Amino acid sequence: MKWKIVFALLLASVNAFALTVDEIVEKANQAAYYAGKDGQANVKMVITDAGGGERVREFRILRLNTGAGTQKFYVYFKAPADVRQQVFMVWKEVAQGKDDSRWLFLPALNLVKPIAPGDKRTSFVGSDFVYEDVSGRALWEDTHELIKETDTQYLIKNTPKNPGAVDFGEYTVAIDKTTFLPVKAEYLDKNGKLFRRVEAVKVETIQGHPTVTESRVEDLVRGGHTVNLFSGIQYDTGLNEAIFTERFLRRPPREATK
């Protein structure tokens with residue numbers, strides 16, 4: 001009888017500290033997109049088509065947390081010539097029902113182009129990543145279900161609340177229990193067929209933050225894939241919020257060009 005009481009107490013203790021699915025998803029979102037007060041990184045993007053042909057893009061990402069869940073991104077393209085000086089900027093919102101604001105500056109046309117909410121699932125500068133991959137997807141846009149738990153990972157099923165606004169029917173995300181970084185996401189089309197996979201290939205600890213230093217996305221229908229290689233990663237650099245304004249779309253700050 002005594003061992004049953006001890007077991008019951010231990011079980012109650014474990015359950016008391018168990019995370020809800022929404023808490024798991026929130027912690028994963030924080031780990032993936034909100035480490036530190038701000039962040040900077042250089043990115044080499046290698047786009048490989050189904051025939052093995054490669055294209056390379058190089059850009060720099062600046063990111064600043066501006067409030068409880070709000071955030072600003074600035075992406076400045078350095079190479080090749082056809083995208084050089086192009087800028088992608090995001091003002092990320094957290095309020096339910098409020099869309100993020102996204103802009104693209106096209107230097108050849110001297111044009112600042114707003115990216116409509118319906119376009120955030122389109123290709124990011126011709127790669128297999130989409131715009132939403134860069135700055136993240138709002139948690140309120142999906143319902144979340146814990147479908148499997150192992151010693152090392154949580155597997156979360158995510159179903160869009162507005163299925164007509166996206167190119168997928170559902171997606172699953174494997175989340176590392178130690179770092180809470182999402183390590184693999186698989187997207188099913190509206191017929192339940194797997195068509196897209198995103199993976200964290202390499203993870204390193206930088207300034208105390210577990211950080212993805214290589215990511216890969218595969219188009220399982222057309223056969224191509226894209227790899228992002230991150231370098232020069234820094235956190236808590238003291239970025240000025242003024243950088244993330246329309247003024248600096250046309251005139252990039254030194255933090256973006258170095």
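**Salt bridges and one asparagine: a note on the structure**

1. A search of the whole structure, which is a predicted model, finds 21 salt bridges.

2. One of the salt bridges is formed by arginine 121 with aspartate 167, whose closest N and O atoms are 3.1 Å apart. This pair links distant parts of the chain, since arginine 121 sits in the loop between β6 (111-114) and α3 (131-135), while aspartate 167 sits in the loop between β8 (153-160) and β9 (170-176), 46 residues apart from its partner. Arginine 121 counts as buried, with a relative accessibility of 9%, whereas aspartate 167, at 33%, counts as partly exposed.

3. Aspartate 142 pairs with arginine 137 in another salt bridge, and here the closest N and O atoms are 2.9 Å apart. Aspartate 142 is buried, its relative accessible area being 3%, and arginine 137 also counts as buried, at 13% relative accessibility.

4. A further salt bridge brings together the side chains of glutamate 214 and lysine 202, with an N to O distance of 3.7 Å. Because glutamate 214 belongs to strand β12 (residues 209-219) and lysine 202 to strand β11 (residues 194-206), the pair ties together parts that are twelve residues apart in sequence. Glutamate 214 counts as buried at 15% relative accessibility, while lysine 202, with a relative accessible area of 46%, is partly exposed.

5. Salt bridges that share partners join Lys120, Arg121, Glu132, Arg137, Glu141, Asp142 and Asp167 into one network. The arginine 121 and aspartate 167 pair of point 2 and the aspartate 142 and arginine 137 pair of point 3 have their residues among the members of this network.

6. Asparagine 65 is placed in strand β2, which covers residues 54-65. The side chain of asparagine 65 has a polar atom 3.2 Å from the backbone oxygen of tyrosine 34, and a polar contact of 2.7 Å joins this side chain to that of glutamine 71. With neighbours within four places in sequence left aside, asparagine 65 is in contact with Tyr33, Tyr34, Gly36, Lys37, Thr70 and Gln71.

7. As for confidence, the protein averages a pLDDT of 92, and 93% of the residues score at least 70. Over residues 9-16, however, the pLDDT is below 50, and this stretch has zero contacts in the model beyond near neighbours in sequence.

Definitions and conventions
Residues are numbered from 1 along each chain as its sequence is written. This is a predicted model: local features need pLDDT of at least 70, side-chain atom pairs count only at pLDDT 80 or more; totals for chains, interfaces and linings use all residues. Side-chain values use heavy atoms; hydrogens and water are left out. pLDDT is the predictor's confidence in each residue, from 0 to 100. Contact means heavy atoms within 4.5 Å. Helices (H or I, at least four residues) and strands (E, at least two) are DSSP runs, numbered from the N terminus. A polar contact is a pair of N or O atoms within 3.5 Å; within protein, one must be able to donate a hydrogen and the other to accept it, and residues adjacent in sequence count only if both atoms are side-chain atoms. A salt bridge is a side-chain nitrogen of Lys or Arg within 4 Å of a carboxyl oxygen of Asp or Glu. Buried means under 20% relative accessible area, exposed over 50%, partly exposed in between (1.4 Å probe, protein chains only).
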